[in-house]
Amino acid sequence: MKNETPPAYNADILLIDDTHDNLRLLSKLLIEHGYYVRPVSDGKGAISAIKGQLPDLILLDIMMPGMNGYDVCETLKKDKRTREIPVIFISALDETVDKVKAFSAGGVDFITKPFQEEEVLARVKTHLRLRNLQKQLETRNAELEKAKETAETANRAKSVFLANMSHEIRTPMNAVIGLCHLSLQTEMTPRQLDYQKKIQSSASMLLRLIDDILDFSKVEAGKLDLENRIFSIEEVLKNLASVIKVKSAAKGLSFSSEITGQIPPCLTGDGFRLGQVLINLASNAVKFTDKGGIWVVVEPVSESDIDVTLSFDVRDTGIGMNRKQTDELFQPFHQAETDITRKYGGTGLGLAISERLIEMMGGKIHVKSEPDVGTQFTFTARFDKSNREAPACMDFSQDLAEKLLTGIKVLLVEDNEINLQVAYELLENIGIEIIVARDGRQAVELARNEQFDGVLMDMQMPVMDGLASTRELRRNFAPSDLPIIAMTASAMAGEREKCLAAGMNGYITKPINPSELYEILIHKVKREPDKNLSRNATISKCTPLQSDDSFFVLDGVNTRAGLLNMGGDRNLYIKILEKVFVQYQSIIEQIRNEMDRKNFDVAKRTAHTFKGVAGTIGAEKLHKMFFELESAFENGELDQIPDMMETFSEEINKVMTGLEKFINERDISKSDDVKSAEPQKKFDIEHMKMFFEKLSDLIDEGNSETLVMVNDIEDVLGPLLVTDNVRKLKSQIMDYDFEDARETFDLILKELSLNE
């Protein structure tokens with residue numbers, strides 16, 4: 001006997017009826033039309049048959065002994081495996097109440113006996129087709145869900161990539177900006193000064209643009225926010241000209257900008273974002289123009305008592321575009337043609353970002369263009385009026401900050417002693433009164449009992465972090481009563497939004513840029529700057545780093561960037577380097593120990609803290625490494641951390657070895673200088689006693705003046721009397737650990753026989 005291939009059936013139908021004649025007739029009818037039929041004569045048999053193999057359709061009689069059709073259908077609909085199988089009731093019952101009960105039990109159709117063959121076949125065919133469509137839809141939905149998960153995974157990977165790229169690009173840009181800042185403090189010819197100012201302005205603008213473009217995911221997620229600050233349209237156009245004039249002059253193009261009509265001198269809105277849009281449009285105009293020029297015109301469109309709507313035109317005489325190209329112009333990652341992309345470059349993101357920013361400013365953008373004639377972009381934007389001077393034009397130098405901020409009282413909340421010392425001395429240098437809290441809980445208690453003009457709040461702290469303590473403070477203080485500014489080493493997307501949502505007024509990243517610190521204090525804490533103050537004050541109390549000045553070199557450390565983070569204060573920088581060497585030689589072991597104890601939150605906070613410290617001293621590669629380590633903690637990739645720390649050990653050792661060599665050579669140099677000095681300084685025991693008596697009183701009081709006085713202890717003692725306890729005392733006082741400092745101080749008195 002030959003093996004025959006089983007026939008292909010249209011569908012598998014389960015037929016349930018206790019009348020054998022009905023089973024025979026329906027089975028014969030369905031089989032003749034290509035259906036595979038499984039006849040069952042009672043409800044329990046039907047349930048058992050379904051468990052073995054799921055049918056595509058069920059024809060179900062109602063009146064059966066034991067378990068009727070309603071019960072069978074209800075049982076099937078309760079089971080996840082069988083609930084989607086269509087059930088057609090076939091019954092001699094033809095009252096409306098019977099049909100309603102059948103549909104309520106889960107049936108999809110109802111055929112009355114005696115049945116018509118054509119009707120049975122038509123209804124079976126219809127419901128099988130609907131069932132097939134449902135299966136296709138379920139398959140499609142599953143595919144879409146999988147595609148959605150894949151897209152979300154890719155989007156998360158893109159966000160991580162953008163964050164990493166943002167960090168990589170910001171690092172060299174910070175160096176450019178920092179060196180420009182230092183150059184501006186040197187003697188230069190007027191032409192050199194003009195060049196340097198334009199370089200600094202362009203580099204700063206580029207840094208902000210890089211951050212915005214690389215964070216394009218914010219646009220996609222609808223999380224791009226505008227700031228609301230006072231600015232001047234004239235200043236926006238001045239900054240635009242400083243960027244575009246250099247580009248246009250290099251191509252032999254003319255450039256002009258003008259304001260027609262009366263515009264209020266000061267407006268409230270996001271002046272930087274407005275400038276970003278104008279720079280993008282004008283830069284494109286220069287890029288696509290080979291002869292002629294670029295014109296920017298600003299004019300008022302409408303004005304009320306509280307706001308004004310402005311129109312901005314950016315025109316060029318460039319290559320122009322056709323209608324198809326202009327219709328697709330604002331799509332992300334799109335440029336007019338492939339050959340244009342190759343010739344002129346660009347990401348195609350600028351116009352998409354610009355359109356979104358303009359919409360957020362309450363306006364719209366339009367474009368008119370003609371090939372070989374030129375292009376004109378026109379957009380509107382609405383801004384609130386302001387009667388105050390625009391502080392965005394001010395130079396936030398130390399001299400100006402001192403004039404504006406001297407005498408204010410600030411609560412500095414920071415648990416890391418190195419970051420604390422940097423922030424403390426930057427604030428102290430401009431005459432700010434500082435009270436220190438080492439954690440969020442202590443900050444809340446101090447704010448309840450003392451009056452402060454503002455709070456500088458670290459984000460990651462033990463006991464109570466920055467977000468929690470800010471929420472607690474906001475229960476008692478309005479944002480205008482107590483400005484709170486976040487200080488964080490995190491550059492992750494969404495960090496700024498978390499801070500503002502918790503009730504903070506501002507946000508500054510670590511390593512702290514002194515100028516940015518002074519600027520945000522002027523804006524957020526000192527809200528009414530003196531209008532008569534000079535806008536060009538550039539005097540600095542710290543000795544500036546000259547462009548040809550020799551400075552020590554450390555492996556793995558950009559010492560010029562680190563010095564810039566100290567506001568140019570060499571002595572402070574050297575103190576911080578010494579402290580980093582003492583406290584973080586075993587940073588890898590510290591993290592490993594916390595990991596072994598399963599203290600993952602502590603390990604993560606330790607990595608976060610050292611990341612900020614590394615950035616502060618200019619250890620840029622270490623800063624990047626610990627950024628990656630913190631990201632691994634954030635993403636739950638704990639299995640990767642041991643290998644990462646093993647890789648980081650070499651860079652840690654290189655930096656620490658360099659610091660140790662620098663500290664030892666510096667100690668020897670200081671000792672040799674003292675020995676070779678002629679005549680040698682006479683040892684003054686009375687002066688020493690007076691010094692230590694005053695220092696003792698200050699330690700007992702916990703007075704911040706101790707930090708200043710302890711720096712002179714080595715000069716008072718001389719290098720031969722500087723012991724480990726003396727160095728330990730300095731470290732404890734710099735850490736504001738006055739209780740332990742008291743014990744160490746008593747040991748020093750005993751060593752010097754001054755306690756008799």
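Student: Strands are DSSP runs of at least two residues, numbered from the N terminus. With that settled, where is Asp372 placed?
Tutor: In this predicted model, Asp372 sits in the loop that runs between β11 (365–370) and β12 (374–385). Its phi is positive, about 65 degrees, although Asp372 is not a glycine.

Student: Is Asp372 buried or exposed?
Tutor: Asp372 has a relative accessibility of 72%. The cut-off for exposed is over 50%, so Asp372 counts as exposed.

Student: Where is Lys598, and what is its phi?
Tutor: Lys598 lies in the loop between α21 (587–596) and α22. Its phi is positive, about 65 degrees, and Lys598 is not a glycine. At 60% relative accessibility, Lys598 counts as exposed.

Student: Let's move on to α22. Which residues does Thr616 touch there?
Tutor: Thr616 belongs to helix α22, which covers residues 600–617. Leaving aside residues up to four places away in sequence, Thr616 touches Asn419, Val422, Pro511, Gly562, Asn565 and Met566. Thr616 has a relative accessible area of 5%, so it is buried.

Student: Which residues of α3 are buried?
Tutor: Helix α3 spans residues 69–78, and Gly69, Tyr70, Val72, Cys73 and Leu76 are buried in it. Viewed down the axis of α3, these buried residues fall within an arc of 165 degrees, so they line one face of the helix.

Student: New topic: which peptide bond is cis?
Tutor: A cis peptide bond joins Lys113 and Pro114, with omega at about -5 degrees. Pro114 is in the loop between β5 (109–112) and α5. In general, most peptide bonds are trans.

Student: Which residues form a nonpolar patch on the surface?
Tutor: Val176, Tyr195 and Ile199 form it, and together they have about 260 Å² of accessible area. Val176 lies in helix α5 (residues 117–183). Val176 counts as partly exposed, at 36% relative accessibility.

Student: Last one: how many helices and strands does the protein have?
Tutor: The protein has 29 helices and 17 strands. Of its 756 residues, 48% are buried. The protein exposes about 38600 Å², and carbon and sulfur atoms supply 50% of that area.

Methods
Residues are numbered from 1 along each chain as its sequence is written. This is a predicted model: local features need pLDDT of at least 70, side-chain atom pairs count only at pLDDT 80 or more; totals for chains, interfaces and linings use all residues. Side-chain values use heavy atoms; hydrogens and water are left out. Helices (H or I, at least four residues) and strands (E, at least two) are DSSP runs, numbered from the N terminus. Buried means under 20% relative accessible area, exposed over 50%, partly exposed in between (1.4 Å probe, protein chains only). Contact means heavy atoms within 4.5 Å. The arc is that of the directions from the helix axis to the C-beta atoms. Patches are made of residues with over 30% relative accessible area and no salt bridge: like charges are joined within 9 Å, nonpolar side chains (Val, Leu, Ile, Met, Phe, Trp, Tyr) within 5 Å. Accessible areas come from the Shrake-Rupley method with a 1.4 Å probe; for residues, only the protein chains shown count as cover. A salt bridge is a side-chain nitrogen of Lys or Arg within 4 Å of a carboxyl oxygen of Asp or Glu.
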